[in-house]
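Have a look first, and then we'll go through the questions.

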Amino acid sequence: SVAVLMDVRAPGSRRGQRRAEATRGTLREALARLPDLASYAVPGDCRCDSAPGRNRVDIEGMAAAKGRLYFALRAPNIDGNAYIVGVDARALFEGGDLRPSLATIPLGANRGFRDLAIADGVALALVGPSGAESSADYSIVELRGLTTGVAVQPKELATLDLQNAPLVKKGALIKPEAIALLASDPRRYRLLVLSDVGQHASPPA
């Protein structure tokens, strides 16, 4: 899930209420302007399943760079492609042209983004199953070019070994959901990978 901090007026202020309501709708409108995603950006819940009409846009990651916000989509996955939508950050909160962009990234069938981070202008993504029933592996992928407008070619940096991680109560493997950048240098990135389930609430890496 994605949390967005909004600066609005106190309850009872009609101006603040109007601003919040206007902001909520703009991202969906931007998605609807992108031909590849328009048919998936529909009202309703955003479950990641394969039932007809249910494979809607599901945003699971967000990062900021150079005045733009990047929203990483878990779904849809179309013909092995996953998507990251970029918008103008100021326009999203204050109104104006969002100038939406769409990065189409070949991740392979049934794979989508679970989280997104940016280190020194280079995007790093946690990638996992795009649907609830998918058995795709979890991995860390480098996405050079995302913040510069160059065609993005994903480079897998690591596959997460979950076999020795804490199990959920029913004995199933945990499901990584987020990453946090701890440090980086020209040779490596140090990331904390987080899961929202597990008997001991421990990170897998």
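Q: How many helices and strands does the protein have, and what makes a stretch count as one?
A: The secondary structure comes to 2 helices and 10 strands. Helices are DSSP runs of H or I with at least four residues, strands are runs of E with at least two, and both are numbered from the N terminus. Along the sequence the pattern reads α-β-β-β-α-β-β-β-β-β-β-β.

Q: What kind of model is this, and how are residues numbered?
A: It's a predicted model, where local features need pLDDT of at least 70, side-chain atom pairs count only at pLDDT 80 or more, and totals for chains, interfaces and linings use all residues. Residues are numbered from 1 along each chain as its sequence is written, and side-chain values use heavy atoms, with hydrogens and water left out.

Q: What makes β1 and β2 a pair?
A: Two strands pair if DSSP finds at least two bridges between them. β1 and β2 (residues 68–75) have 7 bridges, in the antiparallel sense, so they pass that test. Within this pairing, A65 stands opposite R68 in β2.

Q: Why are β1 and β4 called edge strands?
A: They belong to an open sheet of 4 strands in the order β1-β2-β3-β4, with antiparallel pairing. β1 (58–65) and β4 (101–106) each pair on one side only, and that's what puts them at the edge. Neighbouring strands in this sheet are turned by 25 degrees against each other on average, direction ignored. For that angle, axes are lines fitted to C-alpha atoms (for helices, over the stretch in contact), and angles run from 0 to 180 degrees between N-to-C directions.

Q: Which strands make up the other open sheet of 4, with β5 at one edge?
A: That sheet has the order β5-β6-β7-β8, again with antiparallel pairing. Its edge strands are β5 and β8 (155–159), each pairing on one side only. Here too, neighbours are turned by 25 degrees on average, direction ignored.

Q: How do you know that β5 and β6 pair?
A: They're joined by 8 bridges and run antiparallel. I118 stands opposite A123 in β6.

Q: What makes a group of residues a nonpolar core, and which members touch the most others in the largest one?
A: A nonpolar core is a set of buried Ala, Val, Leu, Ile, Met, Phe, Trp, Tyr and Cys residues joined through side-chain atoms within 4.5 Å. The largest has 19 residues, and Y70, I84, I105, F113, L116, L143 and L146 touch the most other members. The elements giving two or more residues to this core are β1, β2, β3 (81–88), β4, β5 (111–119), β6 (122–129) and β7 (139–143). Apart from it lies another core of 18 residues, among them L37, A41, V87 and A91.

Q: Which residues does L143 touch?
A: Leaving out residues up to four places away in sequence, L143 touches I84, I105, F113, L116, A123, A125, V152 and P154. A contact means heavy atoms within 4.5 Å.

Q: Why is D88 called buried, but R99 partly exposed?
A: Buried means under 20% relative accessible area, exposed means over 50%, and partly exposed is in between (1.4 Å probe, protein chains only). D88 has 15%, so it's buried. R99 has 46%, so it's partly exposed. Across the protein, buried residues make up 43% of the 205 residues.

Q: How do you know that D88 and R99 form a salt bridge?
A: A salt bridge needs a side-chain nitrogen of Lys or Arg within 4 Å of a carboxyl oxygen of Asp or Glu. The N to O distance for D88 and R99 is 2.9 Å, so the pair qualifies. D88 lies in strand β3 and R99 in the loop between α2 and β4, so the bridge ties together parts that are 11 residues apart in sequence. The whole structure has 7 salt bridges.

Q: What makes D97 and R33 a link between distant parts of the chain?
A: D97 sits in the loop between α2 (89–94) and β4, while R33 sits in the loop between α1 (14–32) and β1, 64 residues apart. Their closest N and O atoms are 3.6 Å apart, and they form a salt bridge. D97 is partly exposed at 47%, and R33 is exposed at 53%.

Q: Where do R90 and E94 lie?
A: Both are in helix α2, 4 residues apart, about one turn of the helix. R90 counts as exposed at 59%, and so does E94, at 52%.
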